[in-house]
Amino acid sequence: MDFSSITGQKEIVGRLKSSIKQNEVRHAYIFSGPKGIGKKTVAKAFAYMLLCSRPGEDGGCGKCLSCRLFTGNTNPDFYIIESRGTSIAVDDIRNMQNDIAVKPLYSNRKVYLIVDGEKMTVQAQNCLLKTLEEPPAYGVIILTTSNYNALLDTVCSRCTKYAFVKNTNEEVRQVLESKICKSGDELDFIIQYADGIIGTALDLALSDEFIPLREKTVDILLRLATEGQEKFFEICGFYMENKDSIDKVLDIMLLTYRDLVVSLAGGKENMLINSDKKNKIISMAEKFTLEKLLKNIEIVEFTRRSIKQNANFQLAIETMIIRLQED
C-alpha cells in the first residue's frame, strides 16, 4: 500500500513524498504513462500518505483511523471514479463535485482519483474544469491516463503532470520473481515482451494462455516460410480462433521477425528476445533475405493498422498471409 512496496518510478515517488513533507501538495495531478505502468498503484500510495494524520517516511502510519479505514477500503475521504462501460460521464463528475463540497471527516484532506481520465467525455472534462479552477483547500484530485492527448488543454493546464517511465528489465524481473516465483526462458521472454511495463508482465506471467499462444504463433510464422498454399486455410483458422488476442499474436510475430533480422545480420545470440528458440531462429533465418524480413514486418504492421481501422478481419488476415508467403 505504501511507497516502499513500489518498484521503479523513483523520481516521481521521491517528488511526491517530498511534496508532503514540505507541505507543497498541489490541488490536482495528472499521472500519465502506458497502461500497466503503475499509475493507479502510485496514486493510491500517495493518497494513503496524504490522508494519514502521522505519515512516516514511505506512507501512512497504519494505525490512525484514516489509515485503518483506507486499508479497509472504507475511508470516506478517498473517492475513486472509474468508467462504467466505455466512458466517464458528466454525472460521475457532478457526484464527485457534490462530495468534495463536504469537508473531510477523518483527515485534513480529501483525495479524488479519476482512473483512465481520458475516458471522460468532453462534457465531463468541462464540468471537472470548474473544480480545478476553484478547488477547496483540502481537495486533491489525481487523474491517471494512458492517453494524455485525449484530455482537454484547459484540464491539463490546471494540473501538475507526472510522466511515468518504463521500468528496466531488471526491475520487471524483480517483481515477477517476488510475486510469481517463475524463472527460466519463459520468464526471460515475458520480460522482453512486456517492454518495461510491470502490469503487462504480471498479466502474462499469470496467464495460462499466453505461453501456448506464443508457441503456436511462432510455429505458424515459421511454417509460413516453408509450406505452400495447401495449408492456407489451416493457418487462416489459427488467426480466426485467436481473433480476440490478435494484438498479442501480431506482437509475437513482430518480435520473431525482429529476432530473424538480428540473426541474419550477424547479431549475437544474447540479443535474441526468443532466446529459448535460438537454434530454430538461427536455422530459419537462412531461408529469408533481409529485404523480405523487413517487408514482412511492414506487412504485419499494416495488418494491425487495418484491423484497428475496422477493416474486415478475415480479409485483412487472408491478405497478410498471402503477402507473407510471397517471395
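A residue counts as partly exposed when its relative accessible area lies between the buried range, under 20%, and the exposed range, over 50%. Gly237, with a relative accessible area of 22%, is therefore partly exposed. The model described here is predicted, and its chain has 327 residues, of which 47% count as buried. The secondary structure of this chain comes to 15 helices and 5 strands, and its C-alpha atoms fill a box of roughly 70 × 40 × 30 Å, taken along the principal axes.

**Contacts and distances along the chain**

- Among the contacts that join residues at least 6 apart in sequence, 70% are between residues at least 24 apart.
- Asn108 and Tyr138 are 30 residues apart in sequence, and their C-alpha atoms are 6.4 Å apart in space.
- Asn108 is found in the loop between α4 and β3, where the residue is exposed, with a relative accessible area of 69%.

**Helix α4 and its surroundings**

- Helix α4 is made of residues 90-100, and its buried residues are Val90, Asp92, Ile93, Met96, Gln97 and Ile100.
- Seen down the axis of α4, these buried residues fall within an arc of 155°, so they line one face of the helix.
- An α-helix has 3.6 residues a turn, so residues three or four places apart point the same way.
- The cover over the buried residues of α4 includes the strands β2 (78-81), β3 (110-114) and β4 (139-145), together with helix α5 (122-133).

**Nonpolar cores**

- The largest nonpolar core has 55 residues, and the members that touch the most other members are Leu176, Tyr239, Met253, Tyr257, Leu260 and Met320.
- Helix α12 gives the largest share of this core, with 11 residues.
- Apart from this core lies another, of 31 residues, which includes Tyr48, Cys52, Cys67 and Tyr162.
- In soluble globular proteins, nonpolar side chains tend to be buried together.

**The largest pocket**

- The largest pocket holds about 1000 Å³ of space, and 42 residues line it, with Gly36, Ile37, Gly38, Gly199 and Thr200 lying nearest its centre.
- Helices α2 (39-51), α7 (169-179), α9 (198-206) and α12 (246-264) each supply at least two residues of the lining of the largest pocket.
- By class, the lining of the largest pocket is made up of 14 nonpolar, 14 polar and 14 charged residues.

**The second largest pocket**

- In the second largest pocket there is about 190 Å³ of space, and its lining has 13 residues, of which Asn169, Asp188, Gln192, Asn270 and Leu272 lie nearest the centre.
- Helices α7 and α8 (185-194) each supply at least two residues of the lining of the second largest pocket, and the largest share of that lining, 4 residues, comes from α8.
- The lining of the second largest pocket divides into 5 nonpolar, 4 polar and 4 charged residues.

**Residues with a positive phi**

- Most residues other than glycine have a negative phi.
- Asn23, although it is not a glycine, has a positive phi of about 55°; its place is in the loop between α1 (10-21) and β1 (28-32), and Asn23 is exposed, with a relative accessible area of 60%.
- Asp195, which is not a glycine either, has a positive phi of about 55°; the place of Asp195 is in the loop between α8 and α9, and at 42% relative accessibility the residue counts as partly exposed.

**A buried arginine**

- Arg304 is found in helix α14, which covers residues 290-308, and with a relative accessible area of 13% this arginine is buried.
- Not counting residues up to four places away in sequence, Arg304 touches Asp247, Leu250, Asp251 and Leu254.

Note on methods: Residues numbered from 1 in each chain as written. Predicted model: local features only at pLDDT ≥ 70, side-chain atom pairs only at ≥ 80, totals over all residues. Heavy atoms only, no water. Buried < 20%, exposed > 50% of the residue type's maximum accessible area, 1.4 Å probe, protein only. Arc of directions from axis to C-beta. Contact = heavy atoms within 4.5 Å. 1 Å grid on protein atoms, 1.4 Å probe; cavity = no way out; pocket = protein on both sides within 12 Å on 5 of 7 lines; lining within 4 Å. Points joined across faces, edges and corners; volume = space filled by probe spheres on them. Nonpolar A, V, L, I, M, F, W, Y, C, P; charged D, E, K, R; others polar. Core = buried A, V, L, I, M, F, W, Y, C linked by side-chain atoms within 4.5 Å.
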